[in-house]
Structures are given as C-alpha cells and as structure tokens.
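Have a look at the structure on the screen, and I'll walk you through it.

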Amino acid sequence: MSAEILRGKAAVVGVAQAGIGNHEGWQPLELMGVAVQRALEDAGIGLHEIDGLCATTGSHYFANLSAAEYLGIQPSFTSCDMNGGSSFMSQLLQGVMAIESGLCKTVLIAYGSNARSNGGNHAGLIETPEWEQLYRPRIPVTGYALAAARHMHEYGTTREQLAEVVVAARAWGAMNPEAFVREKTDLETVLAAKMVSDPLSVMDCCLVTDGAAAMVLVAKDRAKEYGKQAAYVLGASSATTHRQIDQMPDLTTTAAVQSGSRAYQMAGVQASDIDVIQLYDAFSINVILFLEDLGFCAKGEGGAFVSAGRIAPGGVRPVNTNGGGISCVHPGMYGLFCMIEAVRQLRGDCGDRQIPSAELALAHGNGGTLSSQATTIFGTEACL
Amino acid sequence: MVEQSLSGHGPWAEYQARLNAGQFCIQQGGDGQFFFYPRAIAPGSGSNDWQWVAASGAASIYSLSRIPQRPERGGDYYVAIVELKEGPRMMTQLRLQSDELPKIGDTVEAFVEQQEGADALLLFKHGLQEGAR
C-alpha cells in the first residue's frame, strides 16, 4: 500500500476567513467561531455534522479541547499536529486519512489569532530554542536572514530580487479586498526600508495581523452534496529537517524538496502542471527557496525567477495571488489562509486576481524557521 | 551496548559545567562523528556510545547576519552560524577583533566568556591576526 491511495479521496467543500486586520477586543476563539460559522455556511453543512476537528490558535496549549468546547461539539477524531505555520497542511492530510479510514466523516480545520490586537504576541515563538537565544537573534527574522545570506553567498541572489517578492505580494494584496495592506510599493521603497536582521528589512517580513480561518473536508463521494465547486485533495506530504536554524543541514535547501516530491507523486503531477502557486511567505526569501525546492526553477535560480514582475499580477507565473503573508494576512500562522486561496482559485472565486482556467493548485506551508515544510495539491473534479 | 547511567546530571548540564570551568567540549560518537548541541544519544544513529572531547575551537563562518542596534545599547552585533573544524555547526555571536567586517567563509576562533552570576557563554573571535591565535 502506498500513499497514492489517498489521492482524491476527500474534498474541501467550505472555506472562510474572518477578522483579518486589527480587531481589538476579540479573542482567538471568538474570531475562530466567526470563521467556522462562515465556512459551514459556505459548505451548506450543519455544525452537528462536524465529527473531526483540527483546531489551532497561538494561545491555547489544548487547542482542540478549547475549540470543541467553544463550538459545543464532541468530535470522534481530533488532531493538533503542531509544526508552526505549516500545521494546517499536515492536518489536511490527517483529515483525509481520518475520513478515508472511517474515523470520522466531516473534518473541520480551524484557526484563530489576535496576534496584532494583542500586541504582536505570538505564543508559538515563546519557545525560543534554548541554545540560540543566548546569542540574541531577532527571532524568527534572524533565522531566515541567515538562510538568505547563505543563498546570496552561494548563488548570487540579491536584495533587489528579495524586494521583487515584496513588490509582487503588495501588488496582489492591492487587488484583494480582504488583504490587510492594500497599497502597492516599489523596489526603491523596499530597498530603503529599515534593516531588522541583515539582509532582511522590515519590508521583507510578513505582517502581524489578527485573523481566523476555517475549512470543511468531506469524502469524495459526498463532495457534490455540499457547497460550491469542491476542491479535491490530490496530494499532500510533510517533511522536517530541524528545529533550530543552526541545525538545518543546508541553509539553501529546505525540506520542501521532500514534501514536494512526495505530494507530486501522490497527485501524479509535476511542477509544470500546476496552475496556482501559493507559497508560505513568512519572509521574502521563502518564496525564492520554495520555488526552487518545489521544482518551479533550478536551485539558485529563484532570484531570477521572481524578477521583472514575473510572479506579480500580469506576470507569467503568478504566485501568492491573495497577497500572501506579506500583504494579506499573517496572524502568527498563515498555512490555512494559503490553502484557502488555492481552493478559491480553483472555484473561480477570485475576481480581479483570478488565474484563468485554474484546475490544479499547490499550497505550500512552512513552520518554525524553515523547519517544517508541508505541501498540498488540490484539483478540480476534472483532475480526478 | 552499556546501559547509560542516569546518575549525576544530563549532557547539557555537563557541557555547561565544563564551559564554566573554561573548557569547550563537544561530543564524539563511537563512529567518529562529532555532534553539537549536547545530547543524551547521538543524532541519526541513536547510539549512547559517545564521549566528551575538547573542541579545537577552530571554525569558519557558514552564515551571518548583522543586527542593527542603537549605539547607546551597544551598537550593531553579528549573529552567525559557524562550522567547527570537527563538523558540527552552531549559532553564536562574533566578537570583532579588528576593523575588518566579517563575511561568510572567514576563520573564527572559539573563546569562553565568563559572566558574573551567570553561566559562561561560548563566543567566537573574528579578525585575529595570524600568529596572535
């Protein structure tokens, strides 16, 4: 038996986001609750049907217990897989497994955070690795800065190329009514921004916002009963190489190489088949690393790949059409928002930023300091 | 394989005790591979066959980030990942010994900074003149 048996066995039938921005006075579970209600409505499914739960916040150690109680449900399957921002991609795969194995029928993946209105408090970052904290890195920025510096050293990647990622993200964000930052920017402005941890400036960093999201997953044979057009889960895989950045085997190559190749294998597709690319852009360097590691270009060519507006609106290879963590939303963990944009593109729901004839979408998650990588691939019914 | 004794303290505390005594030690597995940070079993092999060895202190900069900081708070500082001559990598802070700015690939050398009322800290010097080492 191989993982390919899971291909297309479950589908996303409802998605929603809520509270993107600054919502002082709202707690994480309250924002999550609003997103859950909207996702259930989007799917046309009742809360009583939720028997599988994957809940995450930045502030609850027992997030599934807190969320199940809050929602007033008693699920027969729960998973709190916690790998940082990529957790939701892992949870999606576990949801598919749970449904396929008969542990439950309807899985809710939900997230809520008030990281911005609560003063930028990312509880997940409190567990600063004990060795590294002795040396006062700006966590998590310095970890990514070290990866960027090494990539620049080995491949000649430039700060201008990093800035291209930011300019593209902001241009997409300007087209997304839900994005927190909706003003475009230019290379000059990005390059002049205040340095936080060289070579990354404050504009190379994702936002800190509030935000909640929810996604409803059912078996393939139930997908047409609910919601709008279903997005089928064709492939998914997670991989990890380290927790602390100094333990990463190669600072220029992430575990996305493994998660990506396994997800492609499960889905039976390759990078060139993908219509929609959503990559977890906690920092500008992430997009360059993941484009390389997921096979959209060769190692070392990510900088050139993102240049001259190629991943921006109107470019040949649109990336992060919602504006990503840099321009749309990043409440500490972005993975669920990343998958939701992939699903919305497949539904054709994206208005001005819609990619024409989108059939296959990849949403890639990152957690820790490039520590966890998790790739998901969704397709329309035509891809089954 | 000999069963690992739980008497005394764990490897991390032992590492720190040695550092507090002025000695920078790392672990070497029975297969000859060095590893750092301190662990109860060797990463990858899972073996408890390892021993403490004095580290050479010789290293090179694998990656580097300058962190801006106001002069009144001590000025900019450099966080680096250095690669020990023995192989393992570690995060550290550099102490510049000259006007030469550090860059990836440069040679650095470990030293133990004793701190009053706190554990000793392992740091690396950059910009040492040949012969001064």
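In chain B, among contacts between residues at least 6 apart in sequence, 52% join residues at least 24 apart. Please keep in mind that this is a predicted model. For chain A, residues 24 or more positions apart account for 78% of the contacts with a separation of 6 or more.

Let me stay with chain B for a moment. How many of its residues count as buried? Of the 133 residues of chain B, 23% do.

There is an open sheet of three strands in chain B, in the order 2-1-3, with antiparallel pairing. Strand 2 (34–35) and strand 3 (50–54) of chain B are the edge strands, each pairing on one side only. Strand 1 of chain B, residues 25–29, pairs with strand 3 of chain B in the antiparallel sense over five bridges.

Now, on to chain A. Here we have eleven helices and eleven strands. The radius of gyration of chain A is 19 Å, close to the 21 Å that the globule rule gives for 384 residues, so chain A is as compact as a globular protein of that length. The C-alpha trace of chain A spans about 50 × 40 × 40 Å along its principal axes. Buried residues make up 62% of the 384 residues in chain A.

What is the strand order in the open sheet of nine strands in chain A? The order is 3-2-4-7-1-8-11-10-9, and the pairing is mixed. At the edges you find strand 3 (77–78) and strand 9 (276–279) of chain A, each pairing on one side only. Strand 3 of chain A pairs with strand 2 of chain A, residues 52–57, in the parallel sense over two bridges. In that pairing, A:Gly52 has A:Phe77 in strand 3 of chain A as its bridge partner.

Helix 1 of chain A, residues 28–43, lies across strand 1 (10–21), strand 2, strand 4 (106–113) and strand 7 (210–219) of chain A. Helix 1 of chain A runs at about 140° to strand 1 of chain A. Helix 11 of chain A lies across several strands of chain A, including strand 8 (231–240), strand 10 (360–367) and strand 11 (372–379). Its direction is at about 175° to strand 10 of chain A.

Helix 11 of chain A also has a helical partner. Helix 3 (residues 87–100) and helix 11 (residues 335–347) of chain A pack at an angle of about 65°, with their axes 7 Å apart. On the helix 3 side of chain A, the residues are A:Ser87, A:Phe88, A:Met89 and A:Leu92, and they meet A:Gly335, A:Leu336 and A:Met339 in helix 11 of chain A. By class, that contact between helix 3 and helix 11 of chain A has five nonpolar, two polar and no charged residues.

Let's follow A:Met339. Leaving aside neighbours within four places in sequence, A:Met339 is in contact with A:Phe88, A:Met89, A:Leu92, A:Met215, A:Ala363 and A:Thr376. The largest nonpolar core has 156 residues, and A:Met339 is among those that touch the most other members, along with A:Val12, A:Ala35, A:Ile109, A:Met215, A:Val216 and A:Phe378. Helix 5 of chain A, residues 159–173, gives the most to this core, with nine residues.

Finally, how do the chains meet? In total, 18 residues of chain A are in contact with 17 residues of chain B. Helix 4 of chain A gives the most to the side of chain A that touches chain B, with six residues. By class, this side of chain A has nine nonpolar, three polar and six charged residues.

One residue to look at from the other chain is B:Gln93, in strand 6 (residues 89–96) of chain B. Is B:Gln93 buried or partly exposed? B:Gln93 counts as partly exposed, because it has 18 C-beta neighbours inside 10 Å, and buried would take 20 or more. Leaving aside neighbours within four places in sequence, its contacts include A:Tyr135 and A:Arg136 from chain A, and B:Tyr77 and B:Leu123 from chain B.

Conventions. Residues numbered from 1 in each chain as written. Chains lettered and ligands numbered in written order. Predicted model: local features only at pLDDT ≥ 70, side-chain atom pairs only at ≥ 80, totals over all residues. Contact = placed C-beta atoms within 7 Å. Helix = DSSP H or I, 4+ residues; strand = E, 2+ residues; numbered from the N terminus. Nonpolar A, V, L, I, M, F, W, Y, C, P; charged D, E, K, R; others polar. Rg over C-alpha atoms; globule rule 2.2 N^0.38 Å. Buried ≥ 20, exposed ≤ 12 C-beta atoms within 10 Å, placed from the backbone. Axes fitted to C-alpha atoms, helices over the stretch in contact; angles between N-to-C directions. Core = buried A, V, L, I, M, F, W, Y, C linked by C-beta atoms within 7 Å. Pairing = 2+ DSSP bridges.
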